[in-house]
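Subject: Structure handover

Hello,

Here is the structure I said I would pass on. Please keep it open while you read the notes below it.

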Amino acid sequence: MTDSGRTEQTMAVPVLEARAVTKTFESEGVPVRALRGVDFSMGPGEFVAVMGPSGCGKSTLLNLAAGLDVPTDGEILLAGESLAGRDENDLARMRRAHIGIVFQFFNLLEGMSVLENVTLPAVIAGTRRRTAEGRARDLLDLLGLGDKARDAPAVLSGGQRQRLAIARALANEPTIVLADEPTGALDSEGGAEVLELFRRLHAGGQAILLVTHDADVARAGDRIVRMRDGRIDTSGDGDTRDPGAVPVAGATGSPG
Ligand code: ADP
Ligand code: MG
């Protein structure tokens, strides 16, 4: 047996890379060093959980990865392409090409149907409406929301709302899904639903970067990266675990 599969994976262009990234905010004239030199890389199809206490810089890192903000120093690369020096339009283009993002509080368009919530991002990205709508329907079916297509998001449960947000994040076939505390606003059942869905998407080859303060949520990832005070904690060199051996707690449909 060779491990050529593993070699291929290792040599593939990372979907996301942070090189010596720092981010300093000014807060009432006082510098807040949110990121203090982060080096991070993840390969195609990886499911990585970044875990650390509130305020350690997780959301900041995610926002930089999404090109929603720019580093003070260092560099972010998406699919091998640097985000450095790009203007707002160019960053938006990179985002549309590579990023699907899921937030704690869903950020759904409440005045539009479930279907339109998933169709719109692709239309905005330039996909023909009929194509976009077809793909949106497929995604909703895949995510168990097919029968809700015409409803308003308001009729959905918390777990369903986050599944809808995930369907929307997938609309443009992103290189990587970024999720910021995606279960933070859900009860345990809704949270389990969402983590189970991430596991399924990952099994289908989707790269996912999830950030959370919650160790139970982080366990859904194949690799856990710990963060503290704006740095990645390399003391334990992360947790690389056998995905086959990692059941998602409570995600198998058992009640309570
Ligand atoms: P986490 O997501 O891990 O809770 P954040 O990345 O949101 O942490 O924040 C990291 C640090 O940066 C915190 O001290 C936070 O208060 C600060 N921070 C984040 N965003 C801003 C901002 N826009 N202006 C000033 N300080 C910020
Ligand atoms: Mg945060």
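The whole chain

Please keep in mind that this is a predicted model. The protein chain contains 8 helices and 11 strands. Of its 256 residues, 40% are buried. If you take the contacts between residues at least 6 apart in sequence, 71% of them join residues at least 24 apart.

Around ligand 1

Which residues surround ligand 1? They are Phe25, Ser27, Val32, Ala34, Gly52, Ser54, Gly55, Cys56, Gly57, Lys58, Ser59 and Thr60. Three elements each supply at least two residues of this shell: strand E1 (16-27), strand E2 (30-42) and helix H2 (58-65). The largest share comes from H2, with 3 residues. Sorted by class, the shell around ligand 1 has 4 nonpolar residues, 7 polar and 1 charged.

A buried proline in a loop

Pro71 sits in the loop that runs between H2 and strand E4 (73-78). Is Pro71 buried or exposed? It has 21 C-beta neighbours inside 10 Å, and the cut-off for buried is 20 or more, so Pro71 counts as buried. Pro71 and Lys23 are 48 residues apart in sequence, yet their C-alpha atoms are 5.2 Å apart in space. Lys23 is also one of the residues in contact with Pro71 once neighbours within four places in sequence are left aside; the others are Val21, Thr22, Leu64 and Ile76.

Helix H4 and what it packs against

Helix H4 covers residues 114-124, and its buried residues are Val114, Leu115, Asn117, Val118, Thr119, Pro121 and Ala122. These buried residues pack against two helices, H5 (129-142) and H6 (158-169). After H4 comes Gly126, which has a positive phi, near 105°.

How do H4 and H6 lie relative to each other, roughly parallel or roughly antiparallel? Their axes come within 8 Å and cross at roughly 25°. Angles under 35 degrees count as roughly parallel, so H4 is roughly parallel to H6. The crossing of the two is right-handed. On the H4 side the contact is made by Val114, Asn117, Val118 and Pro121, and on the H6 side by Leu164, Ala167 and Arg168. By class, the contact of H4 with H6 has 5 nonpolar residues, 1 polar and 1 charged.

Here is a general point to hold against that list. An α-helix has 3.6 residues a turn, so residues three or four places apart point the same way.

Helix H6 and helix H7

H6 also meets helix H7 (residues 188-203): the axes of these helices come within 8 Å and cross at roughly 25°. H6 and H7 are therefore roughly parallel to each other, and H6 passes H7 in a right-handed crossing. Which residues make the contact? From H6 they are Gly158, Gly159, Gln162, Arg163 and Ile166, and from H7 they are Glu189, Gly190, Glu193, Val194 and Leu197. The residues of the contact of H6 with H7 divide into 3 nonpolar, 4 polar and 3 charged.

A place to start is the shell around ligand 1, where H2 supplies the largest share. After that, follow H4 to H6 and H6 to H7.

Regards

Technical notes:
Residues are numbered from 1 along each chain as its sequence is written. Chains are lettered from A and ligands numbered from 1 in the order in which they are written. This is a predicted model: local features need pLDDT of at least 70, side-chain atom pairs count only at pLDDT 80 or more; totals for chains, interfaces and linings use all residues. A residue is near a molecule or strand if its C-beta atom, placed from the backbone, lies within 6 Å of it. Helices (H or I, at least four residues) and strands (E, at least two) are DSSP runs, numbered from the N terminus. Ala, Val, Leu, Ile, Met, Phe, Trp, Tyr, Cys and Pro count as nonpolar, Asp, Glu, Lys and Arg as charged, and the others, Gly among them, as polar. A residue is buried if 20 or more other C-beta atoms lie within 10 Å of its own, exposed if 12 or fewer, and partly exposed in between; C-beta atoms are placed from the backbone. Two residues are in contact if their C-beta atoms, placed from the backbone, lie within 7 Å. Axes are lines fitted to C-alpha atoms, for helices over the stretch in contact, and angles run from 0 to 180 degrees between N-to-C directions. Angles under 35 degrees count as roughly parallel, over 145 as roughly antiparallel, 65 to 115 as roughly perpendicular and the rest as oblique. A crossing is left-handed if the near helix is turned anticlockwise from the far one by less than a right angle, and right-handed if clockwise.
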